[in-house]
Amino acid sequence: MSYVFTPAPAATVPVVGSDALFPVHRIYCVGRNYAEHAKEMGHSGREAPFFFMKPADTVLVVTEGTTGEMPYPTLTKDLHHEIELVVALGKGGKNIKAADAAAHIFGYAVGLDMTRRDLQAEAKKLGRPWDIAKGFDFSAPITPIVPADKAGDVNNAAIWLNVNGAKRQASEVTQLIWNIAETIEALSQAWELQAGDLIFSGTPEGVAAVSKGDVLEGGVAGLPALKVKLV
Ligand code: MN
């Protein structure tokens with residue numbers, strides 16, 4: 001058996017403390033999962049969790065101590081940052097109960113769900129899909145993955161993002177509307193999850209625009225910091 005052309009290499013993320021790479025299967029993202037962010041987006045109350053995806057090859061890996069370079073994307077004049085705790089699955093499954101979710105988690109990383117907000121607003125208005133706003137090339141900067149047993153208590157960690165050294169986002173993972181275990185339960189009812197899936201768990205309030213030349217630095221306590229420059 002051969003291919004009609006050479007397949008693209010698998011998208012991967014390094015693992016802290018290992019030479020082995022984490023192969024990315026899918027990237028699921030949770031929408032409006034912090035109450036104060038839901039409010040700033042014009043919503044209130046506890047909605048049922050909802051999801052969108054980014055293609056696996058949108059990951060832009062940035063190792064600790066380096067500054068990743070993200071090309072400012074085309075077609076937008078309103079590129080927003082969304083700092084997020086990312087969950088990396090080491091074991092898949094369907095209809096996973098929240099109480100059993102921890103056994104499916106390989107580790108955690110810090111990610112940016114970069115968003116062409118103007119295109120998202122247009123899509124919402126016209127009832128169109130969000131893909132062009134969320135799933136564009138290099139839209140998922142991410143740190144290496146820390147194995148769960150070395151990641152500390154991420155469910156109770158601070159989450160933050162500075163732009164050019166000034167505070168933009170600062171909250172706690174405890175503020176998630178749907179926590180990590182509940183998110184895995186809900187996702188696994190809609191899709192059969194697989195080892196290699198990444199889950200961007202949502203962003204706290206404070207999302208705003210960034211420009212070419214800006215340096216974004218953010219993190220979740222207990223995980224590597226993520227530093228990205230827009231070029
Ligand atoms: Mn997001």
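**The cavities and what surrounds them**

Modeller: Let's start with the second largest cavity, which holds about 40 Å³ of space. This is a predicted model, where local features need pLDDT of at least 70 and side-chain atom pairs count only at pLDDT 80 or more, while totals for chains, interfaces and linings use all residues. Residues are numbered from 1 along each chain as its sequence is written, and side-chain values use heavy atoms, with hydrogens and water left out.

A cavity here is a set of points, on a 1 Å grid over the protein atoms alone, where a 1.4 Å probe fits but cannot get out, and lining residues have an atom within 4 Å of a point. Grid points are joined across faces, edges and corners, and the volume is the space filled by probe spheres set on them.

The lining of that second cavity includes Gly31, Arg32, Ala38, Pro49, Phe50 and Trp178. By class it has six nonpolar, two polar and two charged residues (nonpolar: Ala, Val, Leu, Ile, Met, Phe, Trp, Tyr, Cys and Pro; charged: Asp, Glu, Lys and Arg; polar: the others, Gly among them).

In total, the structure holds two cavities of 30 Å³ or more. The largest has a volume of about 110 Å³ and is lined by 18 residues, with Gly31, Arg32, His37, Glu82 and Lys134 lying nearest its centre. Split by class, its lining has five nonpolar, six polar and seven charged residues. Helix α2 (residues 117–126) gives the largest share of that lining, three residues. Helices (H or I, at least four residues) and strands (E, at least two) are DSSP runs, numbered from the N terminus.

The manganese ion is coordinated by Glu82 (OE), Glu84 (OE) and Asp113 (OD), at 2.0 to 2.1 Å. Along the chain, those donors follow the spacing E-x1-E-x28-D. Two of them link distant parts of the chain: Glu84 sits in strand β8 (residues 83–89) and Asp113 in the loop between β9 (105–112) and β10 (115–116), 29 residues apart. Donors are N, O and S atoms within 2.8 Å of the metal (3.2 Å for Na, K and Ca), and the site may look incomplete because water is not among the atoms.

Glu84 and Asp113 are both buried, a label for under 20% relative accessible area, with exposed meaning over 50% and partly exposed in between (1.4 Å probe, protein chains only). For Asp113 the relative accessible area is 1%. Its side chain also makes a polar contact with the side chain of Lys134, at 2.9 Å, and Lys134 is one of the residues nearest the centre of the largest cavity. A polar contact is a pair of N or O atoms within 3.5 Å; within protein, one must be able to donate a hydrogen and the other to accept it, and residues adjacent in sequence count only if both atoms are side-chain atoms. Beyond four places in sequence, Asp113 touches residues including Phe52, Lys54, His80, His81, Ser139 and Phe200, contact being heavy atoms within 4.5 Å.

Ile83 is buried because its relative accessibility is 0%. Leaving out residues up to four places away, Ile83 touches, among others, Val110, Gly111, Leu112, Ile159, Trp160 and Gly218.

Ile159 is also a contact of Val173, together with Tyr34, Leu85, Val154, Asn155, Ala157 and Val220, neighbours within four places set aside. Val173 lies in the loop between β14 and α4 and is buried, at 3%.

At the start of α4, a side-chain oxygen of Asn179 reaches to within 3.1 Å of the backbone nitrogen of Ala181. Between Leu187 and Ile83, 104 residues apart along the chain, the C-alpha separation is 20 Å.

Last, two loop residues with positive phi. Leu75, in the loop between β6 (68–70) and β7 (79–80), has phi near 70° and is exposed at 61%. Asn164, in the loop between β13 (158–163) and β14 (166–172), has phi near 50° and is partly exposed at 49%.

Methods:
On a 1 Å grid over the protein atoms alone, a cavity is a set of points where a 1.4 Å probe fits but cannot get out, and a pocket is an open set with protein on both sides within 12 Å along at least five of seven lines; lining residues have an atom within 4 Å of a point.
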